[in-house]
Amino acid sequence: MAGTHLKVIVGLGNPGPEHLLTRHNAGFWFVDALAAKLGGAFRSHAKFHGDICRVQYCGQDITLLKPTTYMNRSGLAIRAIADYTKVPAGEILVVHDELDLPVGDARFKLGGGAGGHNGLRDTITHMGQDFWRLRIGVGHPGDKSQVIDYVLRRAPKEEEEKILASVDQAMQALPTFLEQGAERAMNGLHGKK
């Protein structure tokens with residue numbers, strides 16, 4: 001069974017210590033955890049508008065990217081790295097917080113719209129829609145007017161632990177994604193509760 005070829009994994013978030021533990025930074029949490037697991041270290045690269053870490057995983061050379069542009073300009077950093085490495089959108093995985101998934105859920109998805117997510121909206125503007133997403137569920141505050149405050153705040157301890165557990169589950173599903181293909185990884189990850 002053919003795996004899914006990935007060259008770039010992008011974690012979406014906002015730079016700075018004040019944003020580090022907010023729900024909106026779930027994408028950063030994922031790439032930070034992956035880099036730590038693989039013994040990689042992020043370094044700032046102005047040319048790519050972000051922090052970069054190069055790793056080898058499951059026989060693939062993968063660049064991890066944390067844009068430092070703030071969420072609503074994430075696409076700028078992703079475009080810069082894609083142009084430099086000549087990587088098509090279909091070999092990019094963008095990891096982001098997802099309001100439409102319950103806390104503790106994580107899902108792979110190829111393509112689609114922005115769903116109100118500013119980081120995805122900007123990425124689509126720069127890259128088109130045909131990139132992979134890893135959606136980390138952070139739940140919804142229940143009222144659209146509360147979304148901005150909600151994602152820019154730290155989750156209560158119990159919820160934060162569930163989000164971190166889903167990041168870990170997604171990380172465990174990544175080798176399946178890379179080696180056996182997205183469908184098998186999706187079946188495994190999406191079936192977990």
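Analyst: Axes are lines fitted to C-alpha atoms, for helices over the stretch in contact, and angles run from 0 to 180 degrees between N-to-C directions. Helices (H or I, at least four residues) and strands (E, at least two) are DSSP runs, numbered from the N terminus. This is a predicted model, in which local features need pLDDT of at least 70 and side-chain atom pairs count only at pLDDT 80 or more, while totals for chains, interfaces and linings use all residues. Residues are numbered from 1 along each chain as its sequence is written, and side-chain values use heavy atoms, with hydrogens and water left out.

User: Are α5 and α6 roughly parallel or roughly antiparallel to each other?

Analyst: Helix α5 covers residues 157-180 and helix α6 residues 182-190, and their axes lie 7 Å apart at an angle of about 155 degrees. Angles under 35 degrees count as roughly parallel, over 145 as roughly antiparallel, 65 to 115 as roughly perpendicular and the rest as oblique. The two helices α5 and α6 are therefore roughly antiparallel.

User: Which residues of α6 make the contact with α5?

Analyst: Contact means heavy atoms within 4.5 Å. On the α5 side, the contact is made by Gln169, Ala170, Ala173, Thr176, Phe177 and Gln180. From α6 come Ala182, Arg184, Ala185 and Leu189.

User: Are α2 and α3 oblique or roughly perpendicular to each other?

Analyst: Helix α3 spans residues 118-127, and α2 packs with α3 at about 40 degrees, with their axes 7 Å apart. By that angle, α2 and α3 are therefore oblique.

User: Is Ser74 buried or exposed?

Analyst: Ser74 lies in helix α2, residues 74-85. Buried means under 20% relative accessible area, exposed over 50%, and partly exposed in between (1.4 Å probe, protein chains only). Because its relative accessibility is 0%, Ser74 counts as buried.

User: Which residues is Ser74 in contact with, leaving aside its neighbours within four places in sequence?

Analyst: Within the nearby sequence, a polar atom of the Ser74 side chain lies 2.7 Å from the backbone oxygen of Met71. Beyond four places in sequence, Ser74 is in contact with Leu12, Pro67, Thr69, Gly119, Asp122 and Thr123.

User: What is the separation of the C-alpha atoms of Pro88 and His49?

Analyst: Pro88 is found in the loop between α2 and β5 (92-98). With a relative accessible area of 43%, Pro88 is partly exposed. Pro88 and His49 are 39 residues apart along the chain, and their C-alpha atoms are separated by 19 Å.

Definitions and conventions: Polar contact = N/O pair within 3.5 Å; in protein donor to acceptor, adjacent residues only side chain to side chain.
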